[in-house]
Amino acid sequence: MAENNEVAETRKPPAMPVVNEIGFGDLGDVLSKGFADFRRAPLFGLFFGGVFALGGIVIALSLTVWDMPWMIYPVAIGFPLIGPFVAVGLYEVSRRLETGKPLVWGEILGVIWLQRQRELAWMAFVMLFVFWVWMYQIRLLIAIILSRASFSTLERFLDVLFNTSAGWTFLAVGHVVGAVLAIALFSITVISIPLLLDREADFVTAMVTSVKTVVTNPVPMVAWGIVVTLAVLLSALPLFLGLLVTLPVLGHATWHLYRKAVAPA
């Protein structure tokens, strides 16, 4: 009987992470720490920011080659949705700076590669699925609202958007749907991805913890989401090059936000 009790004890699932309350002062603090981490490890920040920026440039160029330049605008809006997963390397850098471990390229990249065998891989699937839904609903709205418009270039597409009633309807509906998707994805990923990197937990627990963090701290977390969204969108305007700095700073800051919002294991 005692042996069975010991077995049952070892199989007991881990407790749900404890969520803390945070305020606006904490947001300023995590941004300050994000800048500090970027200054302490600039090469890592520029590398991971460059990977994200290069991905955006390649997608934009590909759409031009495929004669779909009008898709650059919705892609530029939706592409940042997968930013939190790209920032995994930045989370690892911040974790090592926090614990005093050496910043070794091979070890950090190895940690990222190892995530394919852990629960974080499921989060990548969730994020890519949401990005696919975003792109699909854009195509659907174009077919429904702009079906009578003709555009073969980005300039013509922008002209239709901002100079026709159908274009304004498309913008209004598209941004509402996009906002719903962005809020949903932000809620389930803002804390879950650094949590899954930091400790052993299943991805459902991580998503529930992330949503609980947003529900517990709705005003500061929504404010953080707005800051991140505006910063990334503005950084994407100059050919995605602003992401070289914005992504690492926000990535490091998100790690410290996770540290504040979730109690230690």
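Here are some questions and answers about this chain.

This is a predicted model, in which local features need pLDDT of at least 70 and side-chain atom pairs count only at pLDDT 80 or more, while totals for chains, interfaces and linings use all residues. Residues are numbered from 1 along each chain as its sequence is written, and side-chain values use heavy atoms, with hydrogens and water left out.

Q: How many helices and how many strands are there in the chain?
A: Both kinds of element are DSSP runs numbered from the N terminus, with helices (H or I) needing at least four residues and strands (E) at least two. Counting them in this chain gives 14 helices and zero strands.

Q: What share of the residues in the chain is buried?
A: Buried means under 20% relative accessible area, exposed means over 50%, and partly exposed lies in between (1.4 Å probe, protein chains only). Among the buried residues are Phe170, Leu171 and Leu181 of α10. Of the 265 residues in the chain, the buried share is 44%.

Q: How far does helix α10 reach from its first C-alpha to its last?
A: The expected span of a helix is 1.5 Å times one less than its number of residues. Helix α10 (residues 165–189) has 25 residues, and the expected value is 36 Å. The model comes close to that, with a reach of 36 Å.

Q: Which residue meets Lys260 in a salt bridge?
A: A salt bridge is a side-chain nitrogen of Lys or Arg within 4 Å of a carboxyl oxygen of Asp or Glu, and the whole structure has ten of them. Here Lys260 in helix α14 (residues 243–261) pairs with a residue of helix α2 (residues 24–40), 231 residues apart. With a relative accessible area of 23%, Lys260 is partly exposed. Its partner, at 2.9 Å from N to O, is Asp29.

Q: Which helix supplies the largest share of the nonpolar patch?
A: Such a patch joins nonpolar side chains (Val, Leu, Ile, Met, Phe, Trp, Tyr) within 5 Å, from residues with over 30% relative accessible area and no salt bridge. This one covers about 600 Å² and includes Leu43, Trp105 and Val245. Leu43 counts as exposed, because its relative accessibility is 59%. Both α3 (42–65) and α7 (105–114) supply at least two residues, but the largest share, four residues, comes from α3.

Key
Patch = residues over 30% accessible without salt bridge, like charges linked within 9 Å, V, L, I, M, F, W, Y side chains within 5 Å. Areas by Shrake-Rupley, 256 points an atom, 1.4 Å probe, with all protein chains shown as cover.
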